[in-house]
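Trainee: I am new to this structure, and I would like to learn how its descriptions are reached. Could we go through them one at a time?

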Amino acid sequence: MAATEWFKDAVFYQLHVKSFVDSDADGFGDFRGLTSRLDHLEQLGVDCLWLQPIYPSPFRDDGYDIADYCAIHTSYGTLDDFRAFLDEAHRRRLRVITELVLNHTSDQHPWFQQARSAPDNPYRDWYVWSDTDDRYRDVRVLFCDTERSNWTWDPVAKAYYWHRFFSHQPDLNYDNPAVRDEMWRVMQFWVDLGVDGFRVDAVPYLVEREGTTCENLPETHDVIRELRRRLDAHAPGRLLLAEANMRPEDVRPYFGDGDEFHMAFHFPVMPRMFLAVRLEDRKPLVDILDRTPPIPDTCQWGVFLRNHDELTLEMVTDVERDFMYSEYAADPQARINVGIRRRLAPLLDGDRRRIELMTTLLMSLPGSPFVYYGDEIGMGDNIHLGDRHSVRTPMQWDGDTNAGFSRASPERLWLPLVTSPVYGYQAVNVERQRHDGSSLLYWMQRLIRVRKTSRVFGRGDMVVLHPANHRVLAFTRTLGSETVLVVLNLSSTAQCAELDLGAHDGAIPVEMFGGSIFPRVQATPYVLSLGPYGTFWFRLRWL
């Protein structure tokens, strides 16, 4: 069983092939380019790569509008290029998970083109149609900036089709067994090629029922259990990771009894990390952790600071959302849908101390951490690009032409490079930081390496301490006989805290980065001082 739970100890790295390395000078990253840079990922110390969509697509939603589930977009290379990449990643003990977009296809997918062609076409029932747009009136519109309705009139089909996202992404009909069978065949195709699992997009919206919000319905869980059963029977040890942007109590059912998803992202914890640091108060984060229900022993949360989408604010209160906008997105250009389209470093004003604090917190929380490409060097963004492209700009490898991303002329790059004085590729790049022992990249490598010295971070229980000083967050992580004490100063000024460590009386705290021994814990409160945004990881030892 332990071998099938590899994901519990993994550090994940999310990347877009299109934005990583271009090997053939066409302005698009590709698999040959990615393969050539696996050294960087191996040295960083991550364990599993999450690839954003790699399939043929019109790219109206950056590849999440899929036109063929069982092929590689020609800009990225061929299936042989993908196989070569996968073999090389596995040789380096790097696992790979790919996107599985279950909910919808592109309107250019042959299935939809067949479906719209005639009412009696066999593919008609692969999508959700209606003669009126009055059905499912209680359902919210997710992309409120761009879509006015979840129904769109199709002049060819002479009917309305249902879509929870963009109007060019019609939803599949999971009441149709043929759809469920076909999506299993898609999964089987990629598993047989060797992928280690799937990040499943937009899982709460698979099934529609009148009189409901069409979210988190029991029938959706039936679909997931069926796919999980087939996956486990065909390829044990492969991962299913859920994207369900819901409250933790609503995400909990997606683990089932350990028979649905192995992992799910903990979306609500992410904005509250940013709230806690800006407010200099642990309460927002502790509150959401307290509200998080237990999950089956075989399952795991996925935690992250940033990803390819906006920093979503759907799961915070109206007051918290207004505060987040005012503090992190004063420029309206930084806002999209119900969120903020910024990378980690610009969100934190480029403050190295806060970047280190937030990343240390990420690596300390229950669950498996996800690092977004470029955040290991503090890359910036471009909020003047359309949609969510602000955080999807090419990786910055060096200070040479096109940041080492591509040999194409700059105007041919699929997105322009970041060129600001602070975050431009001449100042922020891998090569420069690789040769600087004090760089963010060097620090990240060390943080990941130290985290891997203990399985307590991926598997241990968490007990939150409650010192009187609310600017200090402290908790223990315990697995068997091993306990790690985590202490973080959320404030921009030095802080002192008295910790109740009575449960660990007699233990000697050993600082995990330098091996320094601190005074033995006694029954009296344990006093610690921390510098601005300071952090400690202590391994508690009994000698």
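Mentor: Let us begin with a definition: a charge sits over a ring if NZ of Lys or CZ of Arg is within 6 Å of the ring centre and within 35 degrees of the ring normal. Please keep in mind that this is a predicted model, in which local features need pLDDT of at least 70 and side-chain atom pairs count only at pLDDT 80 or more, while totals for chains, interfaces and linings use all residues. Residues are numbered from 1 along each chain as its sequence is written, and side-chain values use heavy atoms, with hydrogens and water left out.

Trainee: What lies over the face of Phe59?

Mentor: Lys18 does, at 3.7 Å from the ring centre, and the charged end of Lys18 also sits over the ring of Trp414, 3.8 Å from its centre.

Trainee: Why is the pair of Tyr55 and Tyr69 called tilted?

Mentor: The structure holds 43 aromatic pairs. Rings of Phe, Tyr and Trp (its six-membered ring) pair if their centres lie within 6.5 Å, and planes under 30 degrees apart count as stacked, over 60 as edge-to-face and the rest as tilted. The centres of Tyr55 and Tyr69 are 6.4 Å apart and their planes stand at 50 degrees, so this pair is tilted.

Trainee: What makes the pair of Phe112 and Tyr127 edge-to-face?

Mentor: Their ring centres are 5.1 Å apart and their planes are at 80 degrees, so the pair is edge-to-face. Phe112 lies in helix α5 (residues 110-117) and Tyr127 in the loop between α5 and β4 (129-130), so the pair ties together parts that are 15 residues apart in sequence. Helices (H or I, at least four residues) and strands (E, at least two) are DSSP runs, numbered from the N terminus. Phe112 and Tyr127 are buried as well.

Trainee: Why does Cys48 count as buried?

Mentor: Its relative accessibility is 0%, so Cys48 counts as buried. Cys214, with a relative accessible area of 1%, is therefore buried too.

Definitions and conventions
Buried < 20%, exposed > 50% of the residue type's maximum accessible area, 1.4 Å probe, protein only.
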